[in-house]
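Welcome, and thanks for opening the viewer. Let's walk through this model one selection at a time.

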Amino acid sequence: MKIAIDILLFLFIGGTLSLLLWTGFELLRPQEDPLGDRLEGLQTQAMVVAARATRRKKSAQGLDRFLYFIAVVPGGEDWLNGTEKLLAQAGIRRKSALALYCIFVLLFVMLLAGGTVYLQRNNPNGASSMIGGLAAAFLLGFILPKQILYRLVKSYRGKLQEALPDTVDLMGIVLGTGLGLDQAMMRVSEEMQYIYPELSAEFATVVMQVRAGQERGKSFNQFVRRTGIEDIKSLAAMIIQSEKFGTSLGQALKVYADALRTRRRLRAEAAVGKAGIKMLFPIVVFILPVLFVITLVPGMLSVMKDLKMLGGGR
């Protein structure tokens, strides 16, 4: 009986781990048509509201049905909205991204719970240890994926921020050739798609939204909300004001690109300044003990050998 339970538990953990890996692969798999998927999800704010309303309908089908069951749980709707916002800020904007993330979290929680049950199967303390272990598994199962998502958001924002100075400078040059703003942004997007694909896709999304009939100011405001970067907010405000008052945008972009390069250089200098402090912990924990062993152990062995020879001579 015990062997059968162990086999079932191993099968459960193995199946959960397989589904977990598949869900993570589907969630982070490169999109075949990223621009089309983004335009479908970000064409208007009304579409986002409609998608959230779909989660509240009992008639929803497929993954929307799964999200509906999560939304009816107290606090589930707020958790879904916050997660959806983080996924968008991390550059993961597929239609099924939110549902796949929720499946990933649930499978991860089940995996941790199953591992806890297996480790506590022979514990004589019984129920108290099991309850504490399951509570810890549930907390870690919800906290760790969210922390990974925060790291993805930070990484995506870092890529956008690093690409911004060169992209803005190129856009100023293209505007100087006589092209309009939309044509210049599309040309910059085409030129930068292999160097800075993240920012290139964001620019292309803004242009396609404007061509679809959306106001340019609203498109740039959505761009700012998607990324949450202060430099992009300043860029959007500059472009909107230039269009509103009819001022020259090319020279303003050139000055702004120089300011962005200065900020990037200052960030690099600050990172170099912090490197010494960050290296202190690994030096103390990993390097100094090895140096002590290398320098002290040969001398100690030599002393012990001499003492042994003196003891033998007596």
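Start by selecting Trp-79, Tyr-101 and Phe-142, which form one aromatic cluster. This is a predicted model, where local features need pLDDT of at least 70 and side-chain atom pairs count only at pLDDT 80 or more, while totals for chains, interfaces and linings use all residues. Residues are numbered from 1 along each chain as its sequence is written, and side-chain values use heavy atoms, leaving out hydrogens and water.

The structure holds three aromatic pairs; rings of Phe, Tyr and Trp (its six-membered ring) pair if their centres lie within 6.5 Å, and planes under 30 degrees apart count as stacked, over 60 as edge-to-face and the rest as tilted. Keep Trp-79 and Tyr-101 on screen: their ring centres are 6.2 Å apart and their planes meet at 35 degrees, so this pair is tilted. Trp-79 sits in helix H5 (residues 76–89) and Tyr-101 in helix H6 (residues 97–119), so the pair ties together parts 22 residues apart in sequence. Helices here are DSSP runs (H or I, at least four residues), numbered from the N terminus.

Now colour by accessibility. Is Tyr-101 buried or exposed? Tyr-101 is buried, at 3% relative accessibility, and Trp-79 is partly exposed at 24% (buried means under 20% relative accessible area, exposed over 50%, partly exposed in between, with a 1.4 Å probe and protein chains only).

Next, select Phe-203 and Phe-223, an edge-to-face pair with 6.1 Å centre to centre and 85 degrees between the planes. Phe-203 belongs to helix H9 (residues 197–211) and Phe-223 to helix H10 (residues 216–227). Both Phe-203 and Phe-223 are buried.

Finally, zoom out: the chain has twelve helices and zero strands, and 36% of its 314 residues count as buried.

Definitions and conventions. Helix = DSSP H or I, 4+ residues; strand = E, 2+ residues; numbered from the N terminus.
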